[in-house]
Amino acid sequence: MTERLESREKVTGTARYAFEYPVENVAYVAAVQASVGRGEITAVGTEAAMALPGVLAVLSCENAPRLSDPPDGELAVFQSRTVSYRGQFVAAVVGETLETAREAARLVHVEYAPEAPDVRLRTDHPSLYQPGKVNPVFPADTEQGEPEEVFNNSAVRVDVTYTTPAEHNNPMEPHATIALWDEHGYLTLYDSTQGASTVQSMVAQTFGLDPSHVRVVAPHVGGGFGSKGIPKPNVVLAAMAAGAAGRPVKFAVPRQQMYATTGYRTPTIQRLRLGADNDGRLNAILHDVVEQTSTVKEFAEQTATPTRVMYQAPHRRTSHRLVPLDVPTPSWMRAPGETPGMYALESVMDELAIATGIDPIELRIRNDTDREPESGLPFSSRNLVACLQEGAARFGWAGRDPATGVRWEGRKLIGTGVAASTYPAYMSPNRAIARAEPDGTFTVRIAAADIGTGARTALALIAAETLKADLGDVRVELGDSAFPRASVAGGSSGTAGWGTAVVRACEALRAKLNGAVAGGRGGSSHAGNGAIPPEGLEAAADTGAELKAREKYARHAFGAQFAEVEVDADTGEVRVRRMLGVFAAGRIINPATARSQFIGGMTMGVGMALLEESVMDEEFGDFLNRDLAQYHVPACADVRDIDAAWVEESDPHLNPMGSKGIGEIGIVGAAAAVGNAVHHATGIRVRHLPITPATLLPDL
Amino acid sequence: MRPFTYERATSAEDALTRHDGETYYLGGGTNLVDLMRLGVETPARLVDVAHLPYDEIQLTPDGGLLIGAAMSNSALAADRTVREGHPMLAQAVLAGASGQIRNMATVGGNLLQRTRCSYFQDTAKPCNKRDPGTGCPAREGEHHNLAILGHSEACVATQPSDMAVALSALDASVHVLGRAGERTIPMDEFHRLPDNEPERDTVLEPGDLVTAVEVPPLGMPSRYRKVRERASFAFALVSIAAALDVREGAVRDVRLALGGVAHKPWRAWRAEEALRGRPATRESFLRAAEAELDAAEPLRDNAYKVPLARNLIVRTLTELAERAEAAEPGEGTTS
């Protein structure tokens with residue numbers, strides 16, 4: 001148990017976030033959003049805005065500088081007159097103060113030739129198409145055997161459609177940037193991002209700069225949940241505005257503007273068919289997904305991919321179809337793909353358990369597999385069954401009465417539910433530097449991001465272990481693109497990818513130290529022996545080749561989630577009384593921050609199950625609930641008793657630490673566990689999220 | 001945000017003299033300042049009245065309470081007299097917002113909260129309440145948490161204050177200092193139904209300053225219950241303020257008000273009338289609830305509020321009746 005190294009700075013407010021850097025002569029940006037859902041901009045009236053004292057510049061498609069090569073359509077800020085969705089940035093003001101900028105933004109008058117936006121996702125949409133791949137690089141469709149025929153001939157068939165709404169990431173810290181250009185045309189960005197190196201390269205491409213001329217600084221980030229994985233239009237806007245005003249600028253996206261401009265999870269419509277024998281053994285699984293993208297850029301959520309991993313079945317089909325709508329581009333949100341996909345799959349498994357009369361844990365055990373069903377690859381490790389059994393013992397599952405709608409406490413109905421979790425153990429190539437300082441301490445540098453996950457602490461522990469040094473003698477510096485290039489804090493890959501580079505750099509440093517100090521141990525007591533030059537000793541690592549050489553395994557973390565809910569029979573209110581997650585995620589580097597990751601994900605899953613829904617207005621074409629008063633994430637009162645545990649897992653096929661990612665698996669399956677518990681409590685099977693009093697009351 | 005001036009009133013009379021057409025009184029600012037940031041409210045002048053000496057509860061000669069309008073919501077909810085004599089009021093206040101917001105929010109400001117309808121809060125969309133005559137997109141759009149009672153073609157918004165619902169059931173009255181002097185407005189007449197003037201939430205006239213809320217003694221068990229998707233920090237789907245006096249199995253007196261269903265706290269006069277003198281049974285409560293909700297005109301997506309309100313009336317009255325049954329006579333005033 002190691003407490004977060006920057007705890008004190010964070011709780012005392014001295015940890016500095018992007019917007020807080022003191023910058024001389026700084027100006028402020030306010031953005032104007034499109035007030036039509038689709039159309040062309042016919043004129044931009046800036047006179048009233050420019051007349052306001054303190055306004056430095058007004059930018060729009062009528063005067064914005066041409067960008068060089070924006071890597072995606074959302075970053076082509078002000079490059080066209082086309083409005084692709086309501087809320088798109090169409091103009092911006094730079095002002096001496098934030099208040100001036102915002103008032104001037106209100107005075108910018110944009111005229112449009114509007115058209116009716118098409119924003120409703122449906123399975124019979126004429127523009128439905130098969131994407132070339134789904135996020136990040138998976139095939140859109142896969143098929144094995146004869147799934148339709150085998151399903152039709154199965155003794156037990158479940159054929160149901162689940163839907164999930166659009167959901168927004170809502171990190172506490174909004175997307176925020178300070179942009180400064182120096183006299184040589186070099187750009188510095190203090191940015192709230194999950195990947196300094198990624199912002200560096202994508203912004204460089206956007207403005208036609210050499211990447212070495214862009215520096216991105218982000219030592220502390222107040223959450224992202226995927227929405228800060230790649231730069232969003234606000235970063236480009238900040239850099240453009242700083243150029244136009246000839247001044248450094250600050251731009252924090254107001255919470256209300258985040259709902260259109262910084263990403264969200266696509267709504268999904270998922271048809272699932274499970275065909276099984278009477279003993280619950282699956283013969284066929286079909287998982288067909290319809291979801292949305294924008295007209296600006298394709299984003300295809302990999303919703304059906306967990307179905308390629310979870311259960312044995314000789315006949316299988318997964319498919320993804322997209323509808324391009326006049327909506328903001330969906331993007332990554334905590335466990336894209338697995339989160340909506342496993343909600344549906346694990347709910348349907350519960351339906352199959354009831355259809356076959358088999359306990360839902362036993363059903364999952366019967367369909368466990370030691371090879372990844374679709375690829376046929378062996379799992380590097382798979383401890384789903386251990387998680388289910390350990391969880392069942394801790395939660396008190398034994399003797400559960402499967403009857404629904406029968407456990408009353410006063411006017412409340414009580415029920416329990418279980419669901420499995422899974423998430424891939426991704427890993428990306430990374431670089432790192434380790435230094436031995438003349439004072440006996442060590443410094444590790446890598447452009448990784450700590451978005452509140454505890455990454456800094458985990459990397460320090462990894463470095464200290466490799467260097468055989470005291471944790472207090474190791475300093476980890478991250479969140480700066482000037483450091484060795486690192487992958488994004490996404491795909492739960494940070495600790496694995498960055499950690500491997502840190503291990504290799506530290507090993508190389510030890511080797512150097514051993515060479516430099518005759519008989520030296522390469523450990524922490526190198527100070528004062530005269531062998532460390534005044535400028536220190538440094539070693540670097542690049543894990544690209546090592547990753548390419550890895551053996552072929554299916555690498556995934558697994559877990560099991562248990563929930564007990566109470567449903568008020570008069571009001572339909574659902575409260576989660578207790579929740580337990582048990583995970584098998586390789587070696588846990590730091591139990592303190594790992595537990596926070598798990599229960600944080602589970603809490604987000606409770607939100608998904610019961611609260612979260614971004615409501616699209618079909619007339620106007622934008623999301624209506626645009627602040628934390630209207631978009632509900634769980635409050636403390638919603639999280640009564642939540643716990644996470646993990647089973648020991650030793651997996652030699654992962655990385656030097658033996659770790660799998662833990663940032664996302666906590667949310668995967670959580671909503672299904674809650675939904676299954678609601679069914680157990682009430683007998684009502686809700687197949688669309690969130691589960692609310694409005695949904696339940698008519699059937700209670 | 002439109003530029004504005006900020007002034008501190010030195011007295012209630014001084015506040016009135018500083019008030020012109022584009023002036024807003026500022027209490028805790030927990031709603032007004034948000035709306036100013038959104039551009040929904042664009043006052044030219046804010047006159048701060050939060051520090052005026054109306055931050056206490058005085059006992060009235062009849063045993064009721066005179067609650068100062070500048071008192072914080074936290075202080076009101078924590079007050080022992082309120083908790084003991086009018087528990088539903090303390091419960092209602094605590095059911096609203098968060099601890100931090102209740103520390104800032106004043107009693108007067110709480111009464112004057114504006115609707116949370118999302119169309120009202122977005123200046124890029126039409127809204128008859130914000131911009132009279134532009135239309136009401138909520139009728140056909142998103143309205144799952146809007147009104148089922150007393151709405152009009154022009155507006156289907158709901159009044160968001162929990163405290164106001166309890167005050168309505170408590171027969172409270174609002175003390176107002178206006179250009180013509182002091183006057184008192186019964187709580188049930190303070191907020192309006194939208195009719196053709198949804199821009200007017202209340203009957204207050206320009207310059208009117210709320211100085212206090214007077215609450216008569218209650219003398220029977222009471223309860224505030226708020227239904228919401230999130231367990232805390234959410235506005236009501238439906239809420240109920242109820243008090244019930246049962247003697248020898250019959251309803252001697254009853255107070256019922258609903259929140260989250262209308263443009264004002266909905267005093268359930270019909271249900272109350274249907275209950276007085278009737279047996280305190282589930283059947284009576286159900287009939288009373290149905291009598292009240294007969295007038296409901298749910299919209300496409302908020303019909304669930306009708307059975308929700310019905311169940312809530314029956315459940316809350318049943319619990320209060322059970323409590324009365326369990327209590328010895330004369331102990332009915334404790335919660």
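This is a predicted model: local features need pLDDT of at least 70, side-chain atom pairs count only at pLDDT 80 or more; totals for chains, interfaces and linings use all residues.
Residues are numbered from 1 along each chain as its sequence is written, while chains are lettered from A and ligands numbered from 1 in the order in which they are written.

| Domain of chain B | Residues |
|---|---|
| domain 1 | 1–47 |
| domain 2 | 57–112 + 159–215 |
| domain 3 | 222–326 |

Taken over C-alpha atoms, the centres of domain 1 and domain 3 of chain B are 37 Å apart.

Now for the largest nonpolar core, which has 322 residues. Such a core is a set of buried Ala, Val, Leu, Ile, Met, Phe, Trp, Tyr and Cys residues joined through C-beta atoms within 7 Å. Buried means 20 or more other C-beta atoms within 10 Å of a residue's own, exposed means 12 or fewer, and partly exposed is in between, with C-beta atoms placed from the backbone. V29(A) and A241(A) are among the residues with the most contacts inside this core. Helix α12 (residues 305–326) of chain B gives the most to this core, with 10 residues; helices are DSSP runs (H or I, at least four residues), numbered from the N terminus.

R323(B) also sits in helix α12 of chain B. R323(B) counts as partly exposed because it has 17 C-beta neighbours inside 10 Å. Its C-alpha atom is 9.6 Å from that of V246(B), 77 residues apart along the chain.

Methods
Domain bounds come from an automatic or database domain assignment. Helices (H or I, at least four residues) and strands (E, at least two) are DSSP runs, numbered from the N terminus.
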